[in-house]
Every structure is written in C-alpha cells, then in structure tokens.
Amino acid sequence: MRSTSRTRTPARALVGLAALTALVTLAAAPASPAPVAAPAPGGVRAAETEKAAEGADPIDFAVVVDQSKSLSADDLAREVEAAALIAQGEISERSRAAVIGFGSSEKPGQSAVREVCRLTVADAVGRNHLSDCVKQLSRRDERRMGPGTDFPAALRQALDRLTEDGEPAVPKVVFLLTDGRLDVRDSRAYGDDPRSRTEEAEEQLTEQLARAREKSVQIWPLGFGDVDRRMLTGMAAGGYRNGCADLPSARPRMRVLDGSAEIGKALQETFAAARCARVAQGTVGKPPADLTVTIPEIATDGSITVSKHDPKVTATYFDPRGRKVPTRGTFDGSVFEATGQNGPVEALRVKNPRPGKWRVHLEAPEGHRDREVAVRAIWQGKLRSAVTLDPASPRPGEKTVVEVRMQTRRGVVIDDPEQLEGIKVSARLSGSGFEPVSVPLGDDGKGPDRKAGDVRFTGTLTVPEDADGDLALRAEMSAPGVTGDRRPLNARVTVGTPPVTAGLTVERGTVHPGGEVRGTLEVRNSDSTAHTLRLSLADRPPGGGVRISPATVEVPAGADEAFPLTLSLDPGVAPGEIGGRITVADADDGGRVLANSFIGVVVEPVPTLWDEWWGAFLAGALLLLALAVLAAVWLWALQKRRDLTGVRLELRGDGIRPDELTIRSGQSSRGEFRFTVDRGRGSAPALRRAGPGAAAAHRLRRSASGQFLLRPDRGRQTSLSPGGSVSLGDGLELVVHDRRSAASRRDGADGRRGSRTSGGSGGSRTSGRGGSGGSRWRGRNAGRPGRTDGTGRGGRTGRSGDDAGRVPPPTGAGDRGAGGRRPGGGEGSPSAGERRAGASRFDPNF
C-alpha cells in the first residue's frame, strides 16, 4: 500500500457481482512460478493409510503475504516467520500448504502475485521444503512485482490452488496478511482510467469472495498498522462461513494488530481457530535457556513450535518426565517428527503426546544469542467416543438411553469437565428404513443423566417405528480444540421377543495394577436350544492391559443363571479410570448385542509404605516432636540452672578492703565465668573479668545440682556451696554469693544495703568505704568475737587522728571464734559499717 490523498470510490462493488472482461483476466493473470523442487506437488497426497487416518483431520490452506512497498524490512521478515510458523506447526501430515506473496502489476514484466511455495503435503519432507521456500518472501524484486496492494489477484491465485485438485470434504482456508489498503490506482489490469481502477478492483474482489463461498473456502484476514477494517471485515464475511465445527470461534473473522511485532502469535492463534485446534503459550528466553510449554491431557495431536529467528539456534526436547525425546521415530507410545531446523522456525510434531510440561533446551554459538525465542504448542484433541445403548438391541418405537464418554487414543478417560468447556455433544442414529435422528446429550444431572459434571453425556432417543434392521449410533462433539472420531456403535433392532436376555454388572471402585475386578453376567435363555455368548472389550487401545474372562459362556436351554466374570489388569496398566466397555453378544443369534456397559473402574498406583503406614508415621513424628520439645525445655532449664547471672564474687583478705564483682547476663558463656585478681602496684587486689585471650584466669562454673565449681589458675577444681569460700593464695579468699540461695541472701544483706553497684562489661562491683580519714587501705576486724563498736554490729568503724588509714594486724584463726566464721558472712566478712565507710575507686570492668 502506498500513501495517497486521492478520494476512494465507494465500495459499491462489494454489494453485487460485476462481469469480468477478457482484458482484466489477462492482465491479472499471474506469472508462472519459478520451478521448485516440491516433494509433493499440489494435488498429490500421501497414501491415506488406516494409521494416518487415526491422526488429526487434514486441512488445505494458503498463506497470502503482502509484499507491497509500504512494508518495512522488519515487517516483511516477521511476515515470513509467521508464514513459516503455521506451515511448520501444522499437526496433520496429510494437510497441504501453499505460500503466496502479492503486490501489484503496474509495468510490463510485473506480476501482482508470486507463488513461492506450491501446494505441498505437510509431511516431514514437505514441511522441510516449506521451511526453505518461504524464505523467498523476504526478497522483493521491483522489476517483477509492483509496489501496490492487489487483493483480488491475491485471492484469485489462492482459490485457484486450493480448488484445482482437492477433496471436497477437506476444509480449505486462506490466511491473508496485510499492512494496508487496496491500492491498484497505477495498475492497468483494472482499466485505462486511473479514476475507475479502484472501483473495478472492488468489483473483482466481490466476485472472488462469491467464488470462495461456492467452493467452501474460508478467508481469515489479519492486518497490522493502518488497514481498511471495513474491507477486511467484508473479506471474512464474504467467504465460506461454515467452519470445522459449529462454534463461534470457528467462523472466519477479521483481526487487526497495532504493529507487526505480534503477528506470529496472532497468526498461529487464528490458524488454530480455523482448524479447530488450540494454542498453549509457553515461555520466552534468550539462548542458552530452558523454555517450557504445557500440553493438556486432552491433546492427541500437537506440534511444539520454536520461533528462534536464527537457524544457528538449536533445540532439544524433553517430555514431562524429563526424558530426551527423539526428533524422529517413536518413544513411549508417541510418534515424533521434527522439521525446520535450518529455518527461522522449527517444530516438533507429536502424535499421542504425553500430557504435562515439556521442556525445550536452547543452545546457540556466541554472536547468536541476542534475540528472544518463543515456544508454543498448537494441539487438538481428537477424542474417541465410547457409546452405550440401553437396551443394547431396542425394538422399533422403543425409548433407549444413550450414554457417551470421551477418551484419548492412549485410553485416558477424560473426567475433568474444565477440559471440555463449551463442548456440545449429540447422538445421531441412522439405519435401514428411516431417516437419521439426532438428539442432544447433556451432563447436567437431569433426566437419564445420573450425575452432573462427571463427563458422561446422556440422553433419551426413540428408535423410529420404521427401523427394520441394522442401526449405527454416532456421537458428535464440538468444542474449541476438540473433535470426535465419529466411529459408530453398531446395533440391530429386535423384532418380537428375543430368546435370550442378559444383564451385566461390574464392581465399581478402585483396583491396583495387576489386580482383578469381579462382575456378574445374568442370563435367561427362553429358547429350546443352548446359546453361546461372547464377552469382549471394546474401545480399548491396543495393548490396553485389560483382559476379560471367560471369553465365552454356554447357556443351556431354559436356563436362568448368573455367571461370574473377571477383568484382569496387567501390572503396567496406567493409573486412572479404565476406558472402554464390555459387550455381550449372542453368537447364535447373528451376533446380536445383548448388553454393554462401561467398565467404570479406577486404577490406583500400588500403595507405598507411606500410603499404608502414614498414620503410624505421623504418630511417631508427633511423639518425636513432643520428646524434642521436652528435651529442649530440659536443656533450657539445665542451662538456666547453670547460668551464673547474678552471682556475686567477693574477694577477702586480712589487711585489705573487700572487693566484689557481680556476674551479668551473657557473661557466663556455656555456664562458665572467667576472672582474674588484679594485684597492681600501689592498689588493693581487685576482681576483674578475664578477657577472651587471657590465659591465667580462674574459672567458675555451676553444676546441675547447684554446687559451684571453681578451678583456680594452675590449681585443682574445688566444689563449694553458695556462700562458701575458697582460698586463692597470697592470703586471699573468694566468697561466692548466689541470689538463688536464701542463706547467701541473708549472708550479704547488710553488705548490699551499704554497697554501691556500677554497670559495665565487667559486671557489678561493690567497694567498702574508709572512715573519716579516707585512706586507701582500711583495716578491719574480721569476725573477732567480743569486739564491737557499741552498736551490736560487730567490726570496727573508721577512726580519726593517727589511726586513720592504719592497717590492723592480721587476725589469727583462734580469734574468729568457733569455726572462724561469723553467722552473717564467711570468714573475715566486713561489717556493714565498714562497707559504708569504704573508699570509692574506679572500676575498670565498666
């Protein structure tokens, strides 16, 4: 499209058809495409074997790409990648694809269209060919193609290719990519008068749309940028309107994007809607990286597409179990086929994919890691419908109950209603002597449907009175991403009273792999001869891992008996509900079906040790937890009991003033407090908390029984009770007071009333004060009996005059009375008066 200020002629040609002139036909005829080595030219399909027919239904499609001059190089490159994306991502190996570029024809030697990829079967070889030929779109040749936008010529070429040699039953779709508007003002193909060329082109476009309706070809326009929305809407509405399913999402519609950046994603979503598939969006990242995409359980056919932009990027694929899968061949019940590795887009087509999260590992050499890679999955669930009819062989005019459930080719029964959201299910009965009859089936718990939401669709159908022979019952379903296999349930009408009737019951519940399921077959034979009944399993995948016995039952004449039957499961049968149904047929009555029933048994994995003993494990875990809590409480109590916080150390000696040190919280690491006695020159001995690197230190601990354990520096450990004392040598002794001990509290009560406590890293210290003389050294009478100060408190107070600061002589042991100790505190304990009179000094532990 080129920008123009010319006023457009109204598109009145879109309302009616106009006759084409021979001149227009000749002028608009495309030039013959250059020969391409297509492995499967248009019209030549691969042999449709029974195995291929089990795959996704085929589709014939053409990707028509705008190559007009208005597109930038980036826009054109994105269009090329978008065309490659849907060609590589096609899920059926029987589909056919063509790729066509278009512009305009304005000069001799120019053609409005360029067919770069002929209609090619999308098998492995064909998809690799499409990956190569689509690259030709990125090369514009102004000598062979004009700069305008000729929609009629583009649609004509696509319709010619899709209808020249195709099967009427195969859906045919045109995907049109454009960035602009109809622009043929310089194209002589639409007349010599430039003013009427647009009108003539619109008339021819209307004719091509009518041709698309006649040939059942859908048109899905996808525009980006400044496009003519009205014209694109007319294209979508003017072609064939019936889609792959009777769903709104399957009807052609126009879509417009702001730019070309998201055109690949949008075209893949449009393609999925047109072929009744769905797209799962994966993750995005730059190589090296691991990207993921999830394929749902309902999917039976799919392709994992990798939009890598650069052929140097390589991809390795891993299934939901973390196993590397082949790029071609079979593995774990799936069939793989990778193509496009040498192009901007590659894809791994998977038949019967394992559901779950797939991983794609990306690698790229240096210099090829700057662009983001996107992983998606396009998938479809072609479900097998398992159908039962009750009664199995109805009479003409009799009401029957039809029940349908869905399962994948792997035999996985679909039991999640969310996976079938929006599904429509119906049953169609056809046969000899009557016109086909259709009835809707529901899963709403009403009427014959036993339970809502169990993904068993049920309805009532009356067999026509004119039915006189064989019957064929087909389940028809439609939902986004879901199609049915349309296999019939064959039955036969019963005329008169049947000689043999049968009823079938199977134990419902769960069973483990390798287990057995019991059932009962009740038979009444009113005939005069014996009948042989055959029991079989239908709608089961090959090697489904389930067997029924006995396979035949002999019913004597006139018998009314119940026969036990057994379903045996292989050890390797997959968990989940067992798909398929049991059928009982009378071999002596032309194979007339007497009864059929869904198996309805759920396989659960063999229980593990945890599954069987989880209660005991839980009780044991709770018991261990309780024991751990008790142990933690005990340890906490033990640590608390051994904690030395609040313990007061008192240093005593004859002829020196007492010194004290209180242990603070956090200073008795691991229940031990280390301290030293500072005997600095010119000062009284004092208690100091030992630093971390001090080697010569005394160690005080507390035992679990509450006893103190003191290990003097280079001495033996001594045990002492709260309030007890121990010698530190050089006439010094240490008294340990414990606030937890009532005796210790009484022992130090008087001293604490007159003490002064200071905080700091070294704990609390109390120092006795001197008398009025204020001397550094203060003598004391440590517990000599009979010597008091007249107040009854014992000891001596400070004296004035010459006695101030004098150190009294040491007191002998015999002077201390019985035991050498005062009741109020240990040996040599100072009186309260002495402590009040003591001199204050700096505490280095602060």
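Predicted model: local features only at pLDDT ≥ 70, side-chain atom pairs only at ≥ 80, totals over all residues.

A: Start with the words for secondary structure: helices (H or I, at least four residues) and strands (E, at least two) are DSSP runs, numbered from the N terminus. Residues are numbered from 1 along each chain as its sequence is written, and side-chain values use heavy atoms, with hydrogens and water left out.

Q: How many helices and strands does the protein chain have?
A: The protein chain has twelve helices and 42 strands.

Q: Is V455 buried or exposed?
A: Buried means under 20% relative accessible area, exposed means over 50%, and partly exposed is in between (1.4 Å probe, protein chains only). V455 has a relative accessible area of 2%, so V455 is buried. N352, at 15%, is buried too. Over the protein chain, buried residues make up 51% of the 846 residues.

Q: Which peptide bonds are cis?
A: One of them runs from P287 to P288, with omega near -5 degrees. P288 is in the loop between β7 (278-285) and β8 (289-295). Another cis bond joins S549 and P550, where omega is about 0 degrees. P550 belongs to the loop between β27 (546-549) and β28 (552-555).

Q: Why is helix α4 said to be largely enclosed?
A: Helix α4 (residues 124-133) is largely enclosed by the rest of the structure because seven of its ten residues are buried. The buried residues in α4 are A124, G126, R127, H129, L130, S131 and C133. Contact means heavy atoms within 4.5 Å. The cover over the buried residues of α4 includes α3 (73-89), β2 (96-102), β3 (113-121), β11 (328-331), β12 (334-339) and β13.

Q: With which residues is S478 in contact, leaving aside its neighbours within four places in sequence?
A: S478 touches A245, D246, L247, G422, I423 and K424. S478 itself is in strand β20 (residues 470-478). The C-alpha atoms of S478 and A245 are 5.9 Å apart, although the two residues are separated by 233 residues along the chain. For the protein chain, among contacts between residues at least 6 apart in sequence, 72% join residues at least 24 apart.

Q: How many salt bridges are there?
A: A salt bridge is a side-chain nitrogen of Lys or Arg within 4 Å of a carboxyl oxygen of Asp or Glu. By this rule the count is 40. One of them pairs E346 with K308, with the closest N and O atoms 2.7 Å apart. E346 lies in strand β13 (residues 345-351) and K308 in the loop between β9 (301-307) and β10 (314-318), so this pair ties together parts that are 38 residues apart in sequence. E346 is buried at 2% relative accessible area, and K308 is buried at 1%. D332 and R323 also meet in a salt bridge, at 2.7 Å from N to O. Salt bridges that share partners join E403, R405, R450, R456 and E577 into one network.

Q: Which residues make the nonpolar surface patch?
A: Patches are made of residues with over 30% relative accessible area and no salt bridge; like charges are joined within 9 Å, and nonpolar side chains (Val, Leu, Ile, Met, Phe, Trp, Tyr) within 5 Å. Accessible areas come from the Shrake-Rupley method with a 1.4 Å probe, and for residues only the protein chains shown count as cover. Here L609, W610, W613, W614, F617, L618, L622, L625, V629 and V633 make a nonpolar patch of about 1100 Å². Among them, V629 is in helix α9 (residues 609-642) and is partly exposed at 45% relative accessibility.
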